[in-house]
Amino acid sequence: MAGHGTDEHPHGADRLCDAGDRVYSRAVRRGRVPRTDAEPVPCLLELALLHPDPDDMDWLVPTAPQEVMTRLLRGVYDEVSESHRRVGSAVAAFEWYAGLGRRIQASAMASASLEGGAAIRVLDGLARIQAAMDDATEACTREVLTVQPGGIRREPELTEGLHRAVALRSRGVRMRDLYTHVARHGQGLLNYLELMGDAVEARTLDEVVDRLILFDRTVAFIPANADHTMALELRHPALIEYFVTVFDRLWRLAIPVGAPLPDTGIEGISHREQSIAALLADGHQDAVIAERLGISVRTCRAHIARLSETLGAASRTQLGVRIAQVGLDGASSRLPDVPVQLTPADRESPTAR
């Protein structure tokens, strides 16, 4: 599949042309595209990345990206196998080791299937999600890891899973929760942590990944759509190991809820404003910054206004320059940890005007 293509588009599915990339990506996002959209890119039909919609032949639907990846990997595997067969006597030993590895992998997959069903299961609807979470809670005996994005946790969000947390605590299960720094300002979270006592340890970061819940390092739940009305229940050992690694690395970087946030080293600039400055330096818009830090757009803009005033910037462009000058763009993390003090001269420098 990788080497197939047309005269105008001499490529395979592993290196799409720009036009093919745009049309196929659009088809995946929207579920289908008009047949006319694919006329300039016949490679997509020849590579079986698009095929007619049986309900309306004027439309084309995409082959799932997962299936395309499987085809590519199968093609690579076939090529490697053919090359090894020509080696002669070494092939027999290679196949023996490869077969042993496949048997071990199949055994692990079978064990995961016996313990909790399919390796990947789509949960459609809040009722199915809650039921699956309750089942995982009942089976959990050792540890729960969670990542909770967003800002201050509202009371309904905290009480939604409180019965599961209390049941876990009663069985001696340890829980580790990751939140954004903003969440530590919510009284609801503080009340929850006080109620749970030593059973729960919570830390915070400027920003975290999307919601993740891991039970006993055997089953994980992640959102499957933007409004969280669908979820994926994952039991594949490789995926679970990946999620645990991501969590552990974030955990090491996070700050315990009971500990103060580090000082920025710059007079008049808070830790949150430092985070906003770094995201501004990366070119993010206000709405994106607000979502990543778990605050409202209005609050984000208020912080940006205070940053501009503190740094003596009269425009966004000047603010970007001043952020870089005082090391708030993230570059300071590569330099010695020396506190920066803004002097009156700094505030009135020509660059800031």
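Of the 353 residues in the chain, 37% count as buried (under 20% relative accessible area with a 1.4 Å probe, protein chains only; exposed means over 50%, partly exposed in between). The model is predicted, so local features need pLDDT of at least 70 and side-chain atom pairs pLDDT 80 or more, while totals for chains, interfaces and linings use all residues. Residues are numbered from 1 along each chain, and side-chain values use heavy atoms, without hydrogens or water.

The chain has 15 helices and 11 strands (DSSP runs, numbered from the N terminus: H or I of at least four residues, and E of at least two). Contacts (heavy atoms within 4.5 Å) were sorted by sequence separation. Among those between residues at least 6 apart, 66% join residues at least 24 apart.

Three aromatic pairs were found (ring centres of Phe, Tyr or Trp, the last by its six-membered ring, within 6.5 Å; planes under 30 degrees apart are stacked, over 60 edge-to-face, the rest tilted). The rings of Tyr242 and Phe243 have centres 6.0 Å apart and planes at 65°, so this pair is edge-to-face. Tyr242 is exposed, with a relative accessible area of 53%. Phe243 is buried, at 15%. The rings of Phe247 and Trp251 have centres 5.7 Å apart and planes at 20°, so they are stacked. Both residues lie in helix 10 (residues 237–253), 4 residues apart, about one turn of the helix. Both Phe247 and Trp251 are buried.
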